[in-house]
Amino acid sequence: MKFVETLKGLSLTRQLALAGAVLGVVLAMTMMVRGAVQEPMALLYSGLEPASAGDVIEELDKRGVDYEIKGESIFIPQSERDGIRFALAQDGLPQQSVRGYELLDDVNGFSVTSEMYNAAYWRAKEGELTRTILAIQGVQSARVHIGASLRSGFSRSGPPQTASVTLQTSGDLSARQAEAIQYMVALAVSGLSPEDVAVIDPQKGMIAGPDVQQAEQPSMVADTKANMLEQKIMRLLEARVGPGNAKVSVTVDVNRQRQRVSEVTFDPESRVIRNRTSNDVSETNAGGGTGVTVASNLPQGGQQGGGGSEVRNTTETVSYEMNERRTETETLPGQIERISVAVLLDQEQLGIDPQSANATTISQQVINDFEQLILSGAGLDTARGDTLTVELMPFQQAPVADMVPAPGMVETLIERYSWQAVQAVLLGLVVVALAFGVIRPLLRKDPMQGTGALNEPRLIGSDAGAGDAHQETDPFDFLKDYTRERQDETAALLQSWLDEDRKVAVNE
């Protein structure tokens, strides 16, 4: 009751200030308790399309789940995250922004023309391919365009099928992955060749395609061969020196030119007569002045006397057929020209003391043994120009990091709830400041109340407080009003004065 009387004795200004201070303390305490006991938020989904994110938020509102939106991420209480994910998945949320064959579910055969059905079919095909490409690690977004040739059914031939894949990746897409995308799209579209599928990154340019494949093939062959040799040699060396005690570097030089050589070879020892032709010519000249008679036409034996002569010419022509061999050789880019291998071994792991007298001999013997092993295992050809270098050197030992013990329960609690504790302390300080700095002074009595209020009446003027609600123009009028309103306190005060006067009189 005394507290209620004290409140009633306050002025209206102080009552309003006290109500505001109490309300502030209540709000501060509410925030303090909420911050201390609030459950941490966990990530539900991130990077969703605006339409899909809107569907998820609408479903969370229906279920009465608290959520926070930070950028493109949606957070909910950690204890409810797994259950909400399964519940949303059961309802088909979040919906995929890329639609595939479900586009054909809405096609009505009675109201759709063949052109409309073909357009829906190719859209569904592109959507299914896009979904598969998005499943590749590192691919952030993708879109497939199929150049479907709408040729007539009566035409025997048409333009070749083409396709393009536009994608964005978080890292570097390897050549093998780009080739896999080409084959995947080509196998999904009838009549499409993998070489006619272009893989494009808007930031990095053409990754794979008709013009890129020939230029990238030598580099792909060199990198693949070098990686295979490094792994093969490393397995051989680690079996002897242990893991981490050998370093292998392989460089493969490949031919980047395309050459075509045609050669014709004849074997003269394998000739065969193909055609033989003989021609005999005889010419006879008679003696001088003799007329032409019957005897002139008789054989030579029948001629008698005279100075005639006879010339005979024989000609033979022979044609031969020889074995002929035609050779046409085409050298494609990517042919290996030379392989260089460098191997560095840890000398200390081999047990070789560099300070010993025969350290050089032992080192050379070890190097020779490793060279023979690597030459046989890697299939190097010294006649082609392949080189191998083996060196023994002590490795620099990396400093071993000290083992950090796992955090205990107390450290885990501090790490997880430290910020909540700081918030609670700050809000507690605010509450204490409001309680002792605002509420307590407001609950104090007015300066005119109490024993000394009547002994030292306050004057009106420059010495009076500006915020005092009991200021009057005349001190006697104020005293009359005060004694009328508080008779008990006035009587007690007068009685105390009389008691003091009696004590003074007795003492005198």
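Colleague: Which interaction joins the side chains of Asp82 and Arg81?
Modeller: A salt bridge does, with 3.6 Å from N to O. The term requires a side-chain nitrogen of Lys or Arg within 4 Å of a carboxyl oxygen of Asp or Glu. As background, side chains of opposite charge can pair when their charged atoms come close.

Colleague: What are the ground rules for these values?
Modeller: This is a predicted model, in which local features need pLDDT of at least 70 and side-chain atom pairs count only at pLDDT 80 or more, while totals for chains, interfaces and linings use all residues. Residues are numbered from 1 along each chain as its sequence is written, and side-chain values use heavy atoms, with hydrogens and water left out.

Colleague: How many salt bridges are there by this rule?
Modeller: The count is twelve.

Colleague: Which residue does Glu179 meet in a salt bridge?
Modeller: Its partner is Arg176, at 3.6 Å from N to O. Glu179 is partly exposed at 24%, whereas Arg176 is exposed at 59%. Helices are DSSP runs of H or I with at least four residues, strands are runs of E with at least two, and both are numbered from the N terminus.

Colleague: And what does Arg338 pair with?
Modeller: Arg338 forms a salt bridge with Asp253, and the closest N and O atoms are 3.1 Å apart. Because Arg338 is in strand β11 (residues 336–346) and Asp253 is in strand β8 (residues 246–254), the pair ties together parts that are 85 residues apart in sequence. Arg338 is partly exposed at 39%, as is Asp253 at 27%.

Colleague: Which residues are linked in a network of salt bridges?
Modeller: Glu59, Arg63 and Asp91 are linked in this way.

Colleague: A change of topic: is Asn255 buried or exposed?
Modeller: Asn255 is buried, at 11% relative accessibility. Its place is in the loop between β8 and β9 (259–285). Leaving aside residues up to four places away in sequence, Asn255 touches Pro218, Thr331, Pro333, Gly334, Gln335 and Glu337; contact here means heavy atoms within 4.5 Å.

Colleague: On to the sheets. In what order do the three strands of the open sheet come?
Modeller: The order is β1-β3-β2, with antiparallel pairing. The edge strands are β1 (41–46) and β2 (68–70), each of which pairs on one side only. Two strands count as paired if DSSP finds at least two bridges between them. Between β2 and strand β3 (residues 73–77) there are three bridges, and Ile69 stands opposite Ile74 in β3.

Colleague: Which strands does helix α3 lie across?
Modeller: Helix α3 (residues 50–63) lies across β1, β2 and β3, and runs at about 20° to β3. Helix α4 (residues 81–90) lies across β1 and β3, at about 25° to β1. Axes are lines fitted to C-alpha atoms, for helices over the stretch in contact, and angles run from 0 to 180 degrees between N-to-C directions.

Colleague: At what angle do the axes of α3 and α4 cross?
Modeller: They cross at roughly 115° and come within 12 Å. Val56, Glu59, Leu60 and Arg63 of α3 make the contact with Ile84, Ala87 and Leu88 of α4.

Colleague: What about the open sheet of four strands, which order does that have?
Modeller: Its order is β4-β5-β6-β7, and the pairing is mixed. β4 (139–147) and β7 (205–208) are at the edges with a single partner strand each, so one side of each is left without a neighbour in the sheet. Strand β5 (residues 162–169) and strand β6 (residues 197–201) run parallel, joined by four bridges, and Ser164 has Ala198 in β6 as its bridge partner.

Methods:
Buried means under 20% relative accessible area, exposed over 50%, partly exposed in between (1.4 Å probe, protein chains only).
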